[in-house]
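Subject: Structure for you to look at

Hi,

Here is the structure I promised to pass on.

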Amino acid sequence: MPTDLYISTDVEADGPIPGPYSMLSLGMASAATYDGTTFTRLVPDTFYAELQPISPEFVPAALAVSGLDRAALARTGTAPAVAMAENVAWLSELAERHRARPVFVGYPLGFDWMFTYWYQVRFTGGSPFGHSGHLDVKTLFATKARRPIRTVGKRSMPAHLLSRTPHTHHALDDAIEQAELFCNIAEWSGA
């Protein structure tokens, strides 16, 4: 049976969808492996990149969340093709080292997955996660807590499941925070 390698991922973007808007930063942290029997937490390996915008359009409120400076990123950010090639190479090396297949972990999944997958496919021609190698931490919690998905959020989770790492809206910080949350929920026996 193939082993899963869970990669906690967070992005900061300047709008609601990729293409018209830009992913400005990408953070990833390895969280755990699972071979169908044994779940093993990892000391996180991490990846972080700040990217040049791909479009002049942005939503001011979305940009304000991250505090990133679009004008500075246009000058000093990594070109998206370079950043995504480095990201895919990092994921491939990590998967090879763990003899596992990467699984994208997000909270919530939709936003971060949409931007990451779109950028990987657009700038490298494919994604190491494939089109379906992903896991939503919110859904995992709702299922284990036996609660409807629309009734759960971090504020409704038991304190012992939450990460001790603060949520800062810095993509790498938040990927590390989310990795801890994911592992806590994965190891939790549930309600």
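The protein chain exposes about 9200 Å², and carbon and sulfur atoms supply 56% of that area. Keep in mind that this is a predicted model. Ile17 sits in the loop between β1 (4-13) and β2 (23-34). Its relative accessibility is 38%, so Ile17 counts as partly exposed.

Now the overall build. The protein chain has six helices and six strands. From the N terminus on, the order is β-β-β-β-α-α-α-β-α-β-α-α. The radius of gyration is 16 Å, close to the 16 Å that the globule rule gives for 191 residues, so the chain is as compact as a globular protein of that length. The C-alpha trace spans about 50 × 35 × 25 Å along its principal axes. Of the 191 residues, 48% are buried. Take the contacts between residues at least 6 apart in sequence: 70% of them join residues at least 24 apart.

Next, the aromatics. A search of the whole structure gave 13 aromatic pairs. One of them is Phe47 with Trp90. Their ring centres are 5.8 Å apart and their planes meet at 40°, so this pair is tilted. Phe47 is in strand β4 (residues 46-50) and Trp90 is in helix α3 (residues 80-98). The pair links distant parts of the chain, 43 residues apart. Are these two buried or exposed? Phe47 has 9% relative accessibility, so it counts as buried. Trp90 is also buried, at 15%.

Phe104 and Phe129 form an edge-to-face pair, 5.3 Å centre to centre with 85° between the planes. Phe104 lies in strand β5 (residues 101-106), and Phe129 lies in the loop between α4 (109-124) and β6 (134-136). The pair therefore ties together parts that are 25 residues apart in sequence. Phe104 is buried, with 0% relative accessibility. Phe129 is buried at 5%.

Last, the charges. Side chains of opposite charge can pair when their charged atoms come close. How many salt bridges did the search of the whole structure find? It found six.

- Glu187 with Arg41: the closest N and O atoms are 2.8 Å apart. Glu187 lies in helix α6 (residues 171-187) and Arg41 in strand β3 (residues 39-41), so the bridge ties together parts that are 146 residues apart in sequence. Glu187 is partly exposed at 45%. Arg41 is partly exposed at 37%.
- Arg97 with Glu93: the closest N and O atoms are 3.1 Å apart. Both lie in helix α3, four residues apart, about one turn of the helix. Arg97 is partly exposed at 42%. Glu93 is partly exposed at 38%.
- Glu177 with Lys154: the N to O distance is 3.2 Å. Glu177 is in helix α6, and Lys154 is in the loop between α5 (137-145) and α6, 23 residues apart. Glu177 is buried at 8%. Lys154 is partly exposed at 24%.

There is also a network: salt bridges that share partners join Asp45, Glu93 and Arg97.

Best wishes

Note on methods: Residues are numbered from 1 along each chain as its sequence is written. This is a predicted model: local features need pLDDT of at least 70, side-chain atom pairs count only at pLDDT 80 or more; totals for chains, interfaces and linings use all residues. Side-chain values use heavy atoms; hydrogens and water are left out. Helices (H or I, at least four residues) and strands (E, at least two) are DSSP runs, numbered from the N terminus. Buried means under 20% relative accessible area, exposed over 50%, partly exposed in between (1.4 Å probe, protein chains only). The radius of gyration is taken over C-alpha atoms; the globule rule is 2.2 Å times the number of residues to the power 0.38. Contact means heavy atoms within 4.5 Å. Accessible areas come from the Shrake-Rupley method with a 1.4 Å probe; for residues, only the protein chains shown count as cover. Rings of Phe, Tyr and Trp (its six-membered ring) pair if their centres lie within 6.5 Å; planes under 30 degrees apart count as stacked, over 60 as edge-to-face and the rest as tilted. A salt bridge is a side-chain nitrogen of Lys or Arg within 4 Å of a carboxyl oxygen of Asp or Glu.
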